[in-house]
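Subject: Structure handover

Hello,

Here is the structure I said I would pass on. Please open it and keep it in view while you read the notes.

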Amino acid sequence: MKIVLDTTILVRANERSHGLARELLTNIVKGEHSLLLSNEMLHELARVLRYPRLREFYSLTEEMVFEYVKFLRRSSEIVTLDPLVIAPIRDVNDIIVMQTAIIGEADVLCTKDEDFFENPASEYLRKMDIAVLDDIALIDRLRSRCWSVHACQGGLRPTLEGGQSCPQPAFSRLRAA
């Protein structure tokens, strides 16, 4: 499964973190999944991690920020963005995340940003077969080993890689894109 984690998830997944976002990142890079990122996303991440309040909160040094971004670059598939690719979303700062998912042909875009769950972004991503999930829904999905989510009679139906129905109903937190 190809997964894009947005910048806010990546900030919370830094090496000084031990929460859900860190577990999610570790699960993706050590598992059978591909993390999709772009240079633009990595640049934004490095910029945000250098905010004084975040450096203080996570006790991050400049070297730690550098090493974290370097780790992400090595652990991910870097997508080259194209400014001509349409990414209809309210906040222009989210365009790079959306383009990374579209151009990289992601299966999942993981975010807590409400703009991705609302139109026009959600409808556009649904047409591109990209599921938009928050971090809780994605970790539930990875823990249950359910790989794909298909639209089914107006709802979402979890399935395993081979198309079999998933035995675990851990999808109550899925948000329809």
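First, the ground rules. This is a predicted model, in which local features need pLDDT of at least 70 and side-chain atom pairs count only at pLDDT 80 or more, while totals for chains, interfaces and linings use all residues. Residues are numbered from 1 along each chain as its sequence is written, and side-chain values use heavy atoms, with hydrogens and water left out.

Helix packing

Two packed helices are described by the angle between their axes and the distance between the axes. Helices here are DSSP runs of H or I with at least four residues, strands are runs of E with at least two, and both are numbered from the N terminus. Helix 2 (residues 20-30) and helix 5 (residues 62-75) have axes that come within 11 Å and cross at roughly 35°. The axes are lines fitted to C-alpha atoms, for helices over the stretch in contact, and angles run from 0 to 180 degrees between N-to-C directions. The crossing of helix 2 and helix 5 is left-handed, meaning that the near helix is turned anticlockwise from the far one by less than a right angle. Helix 2 contributes R22, L25 and V29 to the contact, and helix 5 contributes Y68, F71, L72 and S75; contact means heavy atoms within 4.5 Å. Of these residues, five are nonpolar, one is polar and one is charged. In this scheme Ala, Val, Leu, Ile, Met, Phe, Trp, Tyr, Cys and Pro count as nonpolar, Asp, Glu, Lys and Arg as charged, and the others, Gly among them, as polar.

Salt bridges

Side chains of opposite charge can pair when their charged atoms come close. The structure holds nine salt bridges, each a side-chain nitrogen of Lys or Arg within 4 Å of a carboxyl oxygen of Asp or Glu. In one of them, R90 and D115 meet at 2.8 Å, N to O. R90 lies in the loop between strand 3 (76-79) and helix 6 (95-103), and D115 in the loop between strand 4 (108-110) and helix 7 (121-127), 25 residues apart. R90 is exposed at 64% relative accessibility, whereas D115 is buried at 9%. Buried means under 20% relative accessible area, exposed over 50%, and partly exposed in between (1.4 Å probe, protein chains only).

E67 pairs with K70, with the closest N and O atoms 3.8 Å apart. Both E67 and K70 are in helix 5, three residues apart, about one turn of the helix. E62 and R55 also form a salt bridge, at 3.9 Å between the closest N and O atoms. R12, K112 and D135 are linked in a network of salt bridges.

Burial

Which residues of helix 3 (residues 39-49) are buried? They are M41, L42, L45, A46, V48 and L49. These residues lie on the same side of helix 3, because they cover an arc of only 165° around the axis; the arc is that of the directions from the helix axis to the C-beta atoms.

L142, in helix 8 (residues 135-143), is buried at 5% relative accessibility. The C-alpha atoms of L142 and G31 are separated by 9.3 Å, although the two residues are 111 residues apart along the chain.

Backbone details

N119 and P120 are joined by a cis peptide bond, with omega about 10°. P120 lies in the loop between strand 4 and helix 7. E105 has a positive phi, near 55°, in a residue other than glycine.

Regards
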